[in-house]
Amino acid sequence: MDALYTLATGPLLMFSFAVFALGAAARVALFVRLARRKDLPVLQGFQPHWAARSILHWLIPANVTAKASPFVTGFGFLFHISFLACAVFCQAHVVLIDAAWSLSWWTLPDQAADLLAQAFLAAAAFFAARRLLIPVVRTLTTPADWLVLAIAVAPMLTGLLAARQIGDYNLMITLHALAGNLLLLAIPFTKLSHMILFFVSRAVTGSDFGKRQVGAW
Amino acid sequence: MPVDVAAVKEVLAAKQGARLKMWLEICARCGLCAEGCHFYQSDPRPEYAPAYRLKPLMEVIRRGGEVDEELIKRLCEVDYGTCTMCQRCTMYCPYGIGVNVLVRAARSIAVAAGATPLGLARGQANFEESGNNLGMSGPDYLETVEWQLEELQAELPDAKAPMDAAGARTMVTFHPRDIKFYPQNLYSYLKIYNACGEDFTLTSEGWDSTNLGLFSGNDAIAAKMSGAVVAAAERLGVRRVLTAE
């Protein structure tokens, strides 16, 4: 178990980070390359000002969907913010990074991280319930959607259990490290690529709406 | 009728551009698009959600274009039958996914499979014959314009309806419905253009700016239809074109 943990926080993690970073960059590069061959108007019509407006408009929950679907929007923002906050500012993560690269930054108090993890799991439960209970979402849902939700939830769930020392700590922290690796590896190859492609897609649509001067939407 | 799989494969390859691939991948199937859809809002059936329209297209891609009649039939029902490509769902999608682009790609596949809906196919055939989707003859069009101008001159004695006036600022075009069935609309248009003192011209060729090819997913005819309007505008040397609703 210890060897597995050492691997998952050492060489494997380096590999996963590399796949994540290079994969994310490659997704953007591949989009541009394919657009050059098969979607030229997307590149010709690109308008940085409108792209930026569109991205900003959807990074702030004050758009038409926030009004039409306030709960989904609220839980959606909670889901993403709590995840990124825990991933980047959790004390244990920063300590590991400090040990590896002598890089360190501000960290979340443990209690705050605990609260954010609970908020994340509540939001995940909300989204799972939507997929099960709301007819339109249930009809749209595919097995891949469940798999991706599980990949996103696994690191947080195991992280919370490890931090609270519930269950076998060694097992839990090893599972946590493995789940983190799996998530990093999955980002470039699944719909989790929206981490990068959200910005590309909004830039494309923002430029398109900008061409017609119809607002950021 | 057997489906022309080779033609479907060819269109499928051409349509799998950067946006289509990205949007089919990142769609979270969250269903928020349904809030924006007038089909879903008037009858909230799950199959009316805009994201549902991606399903037949994804199935065609999954099969690598090896489609059968049953799949094409389902694609037609969903992608022609439940969408006007109004883009309202795009406004509600957090990613801004252009469902209209994806629906049009799906329709292109139906076109390649020889499954263009009858009404659209008929309008396209009319266009090929007469230059407008309702099959009006040239003399009928010119006579209707003259007739409505005469009516208008009873109200506005100085009213004009210049035909093929080179160098005008604006070339106006129409939906042929307004000429054939609702000439009083033509009357109203001419009244507005005259009242606001616009330097405008009508055109005897390329006056139908509706584009059924854009709707049906037929790229060749779509290009021909907009090409006819562009050719008229270039011939007359106008600065802008007013398109129909």
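**Exercise 1.** How much area do chain B and chain A bury between them, and what share of it is on carbon and sulfur atoms?

*Solution.* Take buried area as the accessible area (1.4 Å probe) that two parts lose on being put together, summed over both. By this definition, chain B and chain A bury about 3,000 Å² between them. Carbon and sulfur atoms carry 61% of that area.

The model is predicted: local features need pLDDT of at least 70, side-chain atom pairs count only at pLDDT 80 or more, and totals for chains, interfaces and linings use all residues. Residues are numbered from 1 along each chain as its sequence is written, chains are lettered from A and ligands numbered from 1 in the order in which they are written, and side-chain values use heavy atoms, with hydrogens and water left out.

**Exercise 2.** Determine which residues and charges meet at this interface.

*Solution.* Count the contacts (heavy atoms within 4.5 Å): chain A contributes 39 residues and chain B 34 residues. Next, apply the salt-bridge rule (a side-chain nitrogen of Lys or Arg within 4 Å of a carboxyl oxygen of Asp or Glu). The rule finds 3 salt bridges across the interface of chain B and chain A. Between the side chains of Arg27(A) and Glu25(B) there is a salt bridge with an N to O distance of 2.8 Å.

**Exercise 3.** Describe the fold of chain A.

*Solution.* Assign helices (DSSP runs of H or I, at least four residues) and strands (E, at least two): chain A has 12 helices and 0 strands. Finally, the C-alpha atoms of chain A fill a box of roughly 60 × 40 × 35 Å along the principal axes.
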